[in-house]
Amino acid sequence: MITLQISCEKEIKHGDPQVSISYIDSLHEQAYQLKDSSKIDAALHTNYRALRLIENRSDSALTKILRQRIVLFGNKRSLDSALIYANKLFSLYQKSKDSFGMADAMYLKGFYFNKSNQKDSALINAYQSVELYKQLKDSSKVYSRAKLLTLILQTLGNYEEAELTAVESLTFLTDKSDKEELSRTYNYIAILTKSRGNFNEALYWYEKALELTTDKHHRNNIRNNIALVQIELQNFKIAFDILSDLRADSIHDFSKDLRYKSRILNNWAFAKSKLGHTDAESYLLQALAMRKQNNIAYRLNGSYIRLAEHYADRLDPKAVNMAKLAYQTAKTYNNPDDQLAALSILIETAKEPREYAILYRDLSDSIYRVRQGSKNHYAKIKYDVEYNRQENKNLKANALIQELQVSKAQSRNFYLILIFIFTVTGFYLLYRGLKRKHLQEKEIAAYQAELYISKKVHDEIANDVFNLLTRTQNDALNTPFKSFLLSAIDNLYRKTRNIARDFSDIPVGIEFKDTLADLLSNYSNKDTQILNKGVKDIPWENISEDKQRALYRILQELLINMKKHSQASLIMINLKMEGTCLTVRYSDNGIGTTKESLTSGHGIKNMQQRLKTVKGEINYDHSEGPGTKATITIPI
């Protein structure tokens with residue numbers, strides 16, 4: 001190829017101004033024909049001939065050839081070269097102040113940065129391209145280019161922004177009669193919504209997608225997705241019926257696509273497993289065998305995970321081996337979410353879960369940091385673009401103001417001042433109202449805290465004071481007694497300090513996840529390790545502050561009981577949204593509890609009272625085996 005291009009350079013005159021546009025067009029068409037015939041190198045050579053003939057020009061012929069060169073290098077997987085020419089194309093459009101061309105060049109840069117896994121650069125260019133098309137009011141381009149932006153956001157784990165972008169793009173779809181295109185977009189929105197755990201909303205979008213499409217393959221894929229959501233909602237019979245219909249469909253019977261057949265078979269067999277069918281295992285293994293033929297890592301992982309869950313439900317030791325295979329497979333394609341799913345099963349099934357629990361914790365923290373950083377980066381990109389746009393608007397507005405008459409300027413300023421006064425007044429009144437409400441809430445909270453503290457002081461400190469008084473009356477004030485008295489007073493001080501700490505203010509709201517994490521870390525030490533799962537994934541902004549406080553106190557009471565009685569060295573606390581309820585699963589490897597011990601004691605009664613106020617409940621697992629297991633359910 002190098003030899004071919006060197007010889008070509010000797011034959012072709014550089015930037016010949018006399019070359020005809022029709023000849024350039026013929027070379028352009030010839031290059032695309034070679035590409036369609038999978039002759040990429042030959043297509044690049046033909047494109048290079050055209051480029052050398054017009055490289056000193058700056059008209060549409062040059063931009064057309066440059067764009068073709070970018071696409072050809074992309075097809076060849078020479079992504080660095082594609083990006084070099086994409087930058088050249090952008091510079092050319094920027095020099096000529098061609099906004100439509102700049103938007104297109106930024107889209108190409110975003111596309112190939114994404115292909116080369118340079119996500120930050122891809123995100124910047126994709127977002128700027130979409131925003132520029134919005135300014136240019138090119139609705140069809142906004143809709144089509146937003147797909148790349150949505151894909152990048154999804155890859156970065158920013159599912160909320162990805163969903164918002166996809167939904168917003170619907171408003172720019174000019175041809176609303178294209179039902180198949182609408183259906184594909186609805187299906188994609190549903191996938192993003194499902195990724196955020198909003199299963200009922202995902203079903204809504206899937207149903208809308210299903211209503212619009214007549215394509216049989218697309219319909220079957222949507223119905224398969226609906227079945228997966230029903231599995232997440234534990235509606236296993238509904239999922240089984242849907243997947244049974246898909247297996248009975250002629251497309252499934254005659255399809256040579258093993259990926260499609262294995263996906264339907266694997267999901268159908270898993271639904272059977274959840275329904276307790278004895279033959280589920282054999283079908284899950286059949287799906288795995290199909291996927292081994294194609295040997296695609298992430299599809300193999302799907303089978304390993306399903307088999308691991310199947311065995312785990314039946315307490316079969318094979319669950320551990322399958323979960324290990326799922327974990328190792330997920331590592332090969334670097335998917336942290338799939339790794340977490342496998343580790344979660346290993347924590348539940350392995351005889352020695354500590355190693356996997358630590359891996360889970362470290363990986364979960366790492367994912368959170370990376371994704372939070374990505375969200376912050378995207379927020380900054382949006383701010384910078386909006387700031388620059390506002391700056392441009394301000395410059396135009398200032399130029400317009402200079403042309404206006406003085407009387408109009410004075411009138412405008414008068415109304416601006418009036419609006420400003422009303423706005424400031426409104427915000428001041430709102431601030432006063434919110435401050436008053438906040439003070440009232442703090443007064444109520446202080447009153448409730450005083451009641452609790454009063455009871456604690458009465459039950460704990462008063463009894464000790466009485467005992468101390470009795471001892472003082474009966475004993476002479478000798479040296480040993482002085483030591484006893486000092487020790488007793490010290491104990492009283494410590495109890496008083498602990499009570500004050502226990503009833504200090506609890507930070508709630510969006511920072512509650514940090515409050516809860518601090519609570520758990522306070523009780524974790526070298527003798528007792530506390531692992532938590534899901535604290536950062538719960539939408540705390542949707543849970544009222546009184547329920548957050550109740551949950552805090554309940555977990556605090558559990559941990560206090562653990563410290564006093566359980567002798568546990570490993571504690572697992574798992575928080576998860578299940579439907580409209582927040583579920584907290586607590587387990588430890590301590591000495592366990594008895595039914596009798598759960599009906600007495602102030603701690604148990606305090607927990608029950610708190611749960612009663614928020615309409616929650618706590619259930620203990622008294623099955624055989626060491627440790628304490630409890631499930632707390634609080635409706636949100």
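1. Accessible area here means the Shrake-Rupley value with a 1.4 Å probe. On that basis the protein exposes about 36,200 Å², and carbon and sulfur atoms supply 52% of it. Bear in mind while reading on that this is a predicted model.

2. Now the overall make-up. The protein has 25 helices and 5 strands. Of its 636 residues, 41% count as buried. As for contacts, take the ones between residues at least 6 apart in sequence: 61% of these join residues at least 24 apart.

3. Two packed helices are described by the angle between their axes and the distance between the axes. For helix H24 (residues 545-566) and helix H25 (residues 602-613), the angle is about 160° and the axes lie 10 Å apart. Anything over 145 degrees counts as roughly antiparallel, so H24 and H25 fall into that class. The crossing of H24 past H25 is left-handed.

4. Who makes that contact? On the H24 side the residues are Ala 550, Arg 553, Ile 554, Glu 557, Leu 558 and Asn 561. H25 brings Gly 603, Ile 604, Asn 606, Met 607, Arg 610 and Leu 611. Sorted by class, the contact of H24 with H25 has 6 nonpolar, 3 polar and 3 charged residues.

5. Next, Val 130, which sits in helix H7 (residues 119-135). Is Val 130 buried or exposed? Its relative accessibility is 4%, and the cut-off for buried is under 20%, so Val 130 counts as buried. Setting aside residues within four places in sequence, Val 130 is in contact with Val 142, Arg 145, Ala 146 and Leu 149.

6. Thr 165 belongs to helix H9 (residues 159-169). With a relative accessible area of 9%, Thr 165 is buried too. Beyond its neighbours within four places in sequence, Thr 165 has contacts with Ala 146, Leu 149, Thr 150, Leu 153 and Tyr 378.

7. His 218 is another buried residue, at 14% relative accessible area. Its place is in helix H12 (residues 216-232). Which residues does His 218 touch, not counting those up to four places away in sequence? They are Glu 180, Ser 183, Arg 184, Asn 187 and Thr 213.

8. A couple of backbone angles deserve a look. Most residues other than glycine have a negative phi, and most peptide bonds are trans. Lys 97, although not a glycine, has a positive phi of about 55°. Lys 97 lies in the loop between helix H5 (79-95) and helix H6 (99-115). Its relative accessibility is 72%, so Lys 97 counts as exposed.

9. Asn 334 is the other one on my list. Again not a glycine, Asn 334 has a positive phi of about 55°. The loop holding Asn 334 runs between helix H18 (318-332) and helix H19 (336-349). With 62% relative accessibility, where over 50% is the cut-off, Asn 334 counts as exposed.

Key: Residues are numbered from 1 along each chain as its sequence is written. This is a predicted model: local features need pLDDT of at least 70, side-chain atom pairs count only at pLDDT 80 or more; totals for chains, interfaces and linings use all residues. Side-chain values use heavy atoms; hydrogens and water are left out. Helices (H or I, at least four residues) and strands (E, at least two) are DSSP runs, numbered from the N terminus. Buried means under 20% relative accessible area, exposed over 50%, partly exposed in between (1.4 Å probe, protein chains only). Contact means heavy atoms within 4.5 Å. Axes are lines fitted to C-alpha atoms, for helices over the stretch in contact, and angles run from 0 to 180 degrees between N-to-C directions. Angles under 35 degrees count as roughly parallel, over 145 as roughly antiparallel, 65 to 115 as roughly perpendicular and the rest as oblique. A crossing is left-handed if the near helix is turned anticlockwise from the far one by less than a right angle, and right-handed if clockwise. Ala, Val, Leu, Ile, Met, Phe, Trp, Tyr, Cys and Pro count as nonpolar, Asp, Glu, Lys and Arg as charged, and the others, Gly among them, as polar.
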